[in-house]
Amino acid sequence: MAAFCRTAALLLQHTKTSSCALIAGRTYSSGGQYQHIIVDRKGEKQNVGFIQLNRPKALNALCDELMTEMGQALDAFEEDKQIGAIVITGSEKAFAAGADIKEMQNRNFQECYAGNFLAHWNKVSLVRKPVIAAVNGFALGGGCELAMMCDIIYAGEKAQFAQPEILLGTIPGAGGTQRLTRAVGKSLAMELVLTGDRISAQEAKLAGLVSKVYPADQVVQEAIKCGEKIAGNSKLVCIMAKEAVNAAFELTLAEGNRMEKRLFHATFATDDRKEGMTAFVEKRKAAFTDK
């Protein structure tokens, strides 16, 4: 009887281990859990989360299911202690050519207002870990808004950005009028929102919308490299740094400076601040523990 119990216990343990491995594998795969996105780990240390929009026939148009899946993937990466940064990309032809117009064509005001339509699309901007957009091709409407929800935007040479909602008889509804204005200033933002015109990657860089422009076949890899560099720092302090920079868009200069000072002081309660400064004095590379 004792031997039977031991055998049963071993079988149960093996089943649990296999189930956990299966769940972990499914979390970072394009199949099973996700229909409209491909989710993976990237980088030499597998510490960069990777999300690729995967609706090629629709030029990665953003439907409700896709954005729900993205929220689930982002939650998984947030909980994963190994992940220090996240890259979001599309295809070389289209990062995302906008929202799925067929999905919203017949909606009415009551549905939109009562259901708070598009509210969950803001999930990307609420992620605490740094998020990098690697944009190739079209980033129009919701696609441009999605890129602007990210912390850093890298663009391919042929990328195009626009808020063309005015041509459809509506306006941006996922932050386009707000984030674009903060990024490029009132005049250019007003022109783009009122005309629906597109700007090139080079124009977007000059306007301050994107950080860097690369050849189309290099932009994703460069974004991953940036993610690896970020993930190599203290993940805890990176969250503080991101919070401080984002506060600049919400607070007055005096309030922002006060918040920055508090976060700066807070780093002195971390092991990583002590390790970083000690490593500098000892002329060696810091070994951060994210504590």
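The charged end of Arg107 sits over the ring of Phe117, 4.1 Å from its centre. For a charge to count as over a ring, NZ of Lys or CZ of Arg must be within 6 Å of the ring centre and within 35 degrees of the ring normal. Lys42 also lies over a ring face, that of Phe50, at 4.9 Å from the ring centre.

A quick word on the model: it is predicted, so local features need pLDDT of at least 70 and side-chain atom pairs count only at pLDDT 80 or more, while totals for chains, interfaces and linings use all residues. Residues are numbered from 1 along each chain as its sequence is written, and side-chain values use heavy atoms, with hydrogens and water left out.

Now for rings that meet other rings. Rings of Phe, Tyr and Trp (its six-membered ring) pair if their centres lie within 6.5 Å; planes under 30 degrees apart are stacked, over 60 edge-to-face, and the rest tilted. That rule gives three aromatic pairs. In one of them, Phe109 and Tyr113 are stacked, because their centres are 5.4 Å apart and their planes at 20 degrees. Where are Phe109 and Tyr113 in the chain? They sit four residues apart in helix 4 (residues 109–114), so about one helical turn separates them. (Helices are DSSP runs of H or I, at least four residues; strands are E runs of at least two, and both are numbered from the N terminus.)

Are Phe109 and Tyr113 buried or exposed? Buried means under 20% relative accessible area, exposed over 50%, and partly exposed in between, using a 1.4 Å probe and protein chains only. Phe109, at 59%, counts as exposed, and Tyr113 does too, at 65%.
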